[in-house]
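User: I would like to learn how to read a model of this kind, taking one feature at a time. Could you give the general idea where there is one, and then the case at hand?

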Amino acid sequence: MTAAKLLALITHNFRLAWAYKLNFVTRYLGMIISVLLFFFLDQLLQRGGAGQVEGGTYFTFLIIGGAFSKFLELSSHAFSANLREEMLQGTIEPLLVTATPVTLALLGPSSWMLLEGVLLVLIQLGVGTAVGADFSQANWGTAVLVLLVSLSSLISYGIFSAAFVIVFKRGDPMNWFINSVAYVFSGVFFPVELLPAWLRIISYALPFTYALRALRGALMRGETIAEVGGDLLVLGGFTAVLLPLSLFALRYAIRHLKQTGELAHY
Amino acid sequence: MTEIIKATNLSKTYQSRGKAVTAVSHINFSVNQGELFGLFGPNGAGKSTIVRMLTTLLAPTGGTATVNGFDVVRQEMQVRASIGLVTADERSFYGRLTARQNLQFYAAMQNVPRGQIPQRIGEVLALFGLSHKADAATQSLSTGQKQRLNIARALIHNPPILFLDEPTKSMDVQTSDFVKALIRDELVNQQGKTVVFISHELYEMENFCDRVIILANGTVQAVGTPAELGALLPRRALFRLVVEGNPAALAQGWQALDGVESVTEISRGATQTTFDIALADERVWFAVLAVIEGGNGRLESYHRADDESLRRIVAHFSGGELTAENAEDAEKKR
């Protein structure tokens, strides 16, 4: 039954996304345009005599960083964004009186957005390859495993974010954290080694840093699972701590919701 | 009779800025299977809080409640599988999607087997006269059509119990009558569903509900059929009379009678005077007439300014004042 519901949620949310066609198309168009931005940025740096970054071209480095950041943004923001949308349009209550577990009813509407995140990553990598990104050394098996392990860690931030939206309606510190701190300190657009040593402490406290490093290792240098194993272990550790904590926060938020009856408030 | 809904000492207290606010206090009632049960009370009486607790949207702070035999706290999923909820707010749809797409989604969420979904959608749309709107975007539907679709949505999984919270609020009179007839004839009489009908409008409940619960300030004031509730009333009566004759002498004669609570002169014309007379017992009415005859007066016209409707019952149980003026105003609104 849960699988059937998940499929229904994905279909339903794809239909909703497709119903706003301009928004749907521009999202994909934006992804392609960002590839061009990275390409010309790389061209500029090459004129200045910039060499290779982490064993590959800067363009390839940027493509992976850009794709991952989109994935990061969607997976961490999906739950809260969809939840708030449901609250605003008044569909959350009818959904919560269906014979669906509350957690699935609250988080399930984001399932399409998560899938779309994976799709957008693949598109960016594909377009990047067509324009000159070099994935000839890529170990795709390792890359997929890194993405899956990263996803479980990123989802924790998304669940925290949803819990904040349930309780506070507006004001989502997780979203702020991802959009500001994570982008600067996790090596999305430049290697974290460029940061001063004291700021690098922040980088190493973020799971995204390890996810990106492992992903670039797999895609740019063809590293095996054993070679990125250290980063995967750290990511697993983050997940082991963050996932139960985020689920606990969500359970608290649902209890708060049931006690206050503030579901329809926004 | 099987009790399909049962509330025992059900209570809800909210915490608001450090203060406890009691919305529902120790209420007890039950609803029988196949009954059309009215939940009536003025705004703030606690109706919606009760419904939200019975539909698992809100956790009680005291007491227990079962719906279709399932505890609303410990067996939430079973309760939700047994009910359909319609609120006055018709925003329960994804406006850009069609009626069919919306119903497909809710059907899947309600565990309707995939192969049965198209047939079930066809049935509920036909029931509410919306088959021709199946592929129209719900945002293009009129308010009344949306509200009918809302009830169709609540019925998509064919639940035995329906909670209808002011379902006819945004409908015109004809649509409202159509929907109420459908609820009574098709859903209750034919399909044997139990319907809890919530409203703060009495005319919605009269001649419609089998039994009514009257709520005020989060407590139950009375439960029963309209006739049972009426029988609980003291036999007080309020008459408005237009008489010819000496007003002062008539008033004096009436006030001297046992069982006359008050005599109020409302207006005086050249030959006629209008009075309101409140009687402790309606049988005193004959003595009132005798005073007119004995004083050589003439009764031009009269009417009962109160009546045996639910309005009077509510006025009695919620402590509201009953006067000819507010009774007539309410009558005009009806």
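User: Is Glu282(B) buried, partly exposed or exposed?

Analyst: This is a predicted model, and in it Glu282(B) has a relative accessible area of 23%, which lies between the 20% under which a residue is called buried and the 50% over which it is called exposed, so Glu282(B) counts as partly exposed. Glu282(B) sits in the loop that joins β13 (272-279) to α9 (285-294) of chain B. The C-alpha atom of Leu238(B), 44 residues away along the chain, is separated from that of Glu282(B) by 8.2 Å.

User: Which domains does the assignment give for chain B, and how far apart do their C-alpha centres lie?

Analyst: The assignment divides chain B into domain 1 (3-224) and domain 2 (237-333), and the C-alpha centres of these two domains of chain B are 42 Å apart.

User: How should I read a nonpolar core, and which residues have the most contacts inside the largest one?

Analyst: The general idea is that nonpolar side chains tend to be buried together in soluble globular proteins. Here the largest nonpolar core has 115 residues, and those with the most contacts inside it are Phe208(A), Ile5(B), Phe29(B), Leu39(B), Leu54(B) and Phe163(B). A second, separate core has 40 residues, among them Ile151(B), Leu164(B), Ile183(B) and Leu229(B).

User: Where is Arg148(B) found, and is it buried or exposed?

Analyst: Arg148(B) belongs to helix α5 (residues 143-154) of chain B, and its relative accessibility of 14% is under the 20% cut-off, so Arg148(B) counts as buried. If neighbours within four places in sequence are left aside, Arg148(B) is in contact with Phe128(B), Gly129(B), Leu130(B), Met171(B), Thr175(B), Phe178(B) and Val179(B).

User: What backbone angle does Asn9(B) have, and what does Thr56(B) have?

Analyst: Asn9(B) is not a glycine, yet it has a positive phi of about 50°; Asn9(B) lies in strand β1 (residues 3-16) of chain B and is partly exposed, with a relative accessible area of 36%. Thr56(B), also not a glycine, has a positive phi of about 70°, and Thr56(B) is placed in the loop between α1 (47-54) and β4 (62-67) of chain B. With a relative accessible area of 3%, Thr56(B) is buried.

User: How far does helix α7 of chain A reach from its first C-alpha to its last?

Analyst: Helix α7 of chain A (residues 140-168) has 29 residues and reaches 41 Å between those two atoms, close to the 42 Å expected at 1.5 Å a residue. Just after α7(A), Lys169(A) takes a positive phi of about 65°.

User: How is the size of an interface expressed, and how much area do chain B and chain A bury between them?

Analyst: In general, the size of an interface is often given as the accessible area lost when the parts come together. Chain B and chain A bury about 2,900 Å² between them, with 59% of it on carbon and sulfur atoms. In chain B, Arg91(B), Tyr94(B) and Met109(B) lose the most area to chain A, together 24% of what that side buries. The contact takes 29 residues from chain B and 32 residues from chain A.

User: How many salt bridges does the rule find across this interface?

Analyst: The rule finds two salt bridges across the interface of chain B and chain A. Separately, Arg52(B) forms a salt bridge with Glu93(A), and the closest N and O atoms of that pair are 2.6 Å apart.

Key:
Residues numbered from 1 in each chain as written. Chains lettered and ligands numbered in written order. Predicted model: local features only at pLDDT ≥ 70, side-chain atom pairs only at ≥ 80, totals over all residues. Heavy atoms only, no water. Helix = DSSP H or I, 4+ residues; strand = E, 2+ residues; numbered from the N terminus. Buried < 20%, exposed > 50% of the residue type's maximum accessible area, 1.4 Å probe, protein only. Domains from an automatic or database assignment. Core = buried A, V, L, I, M, F, W, Y, C linked by side-chain atoms within 4.5 Å. Expected span 1.5 Å × (residues − 1). Contact = heavy atoms within 4.5 Å. Buried area = accessible area lost by both parts, 1.4 Å probe. Salt bridge = Lys/Arg side-chain N within 4 Å of Asp/Glu carboxyl O.
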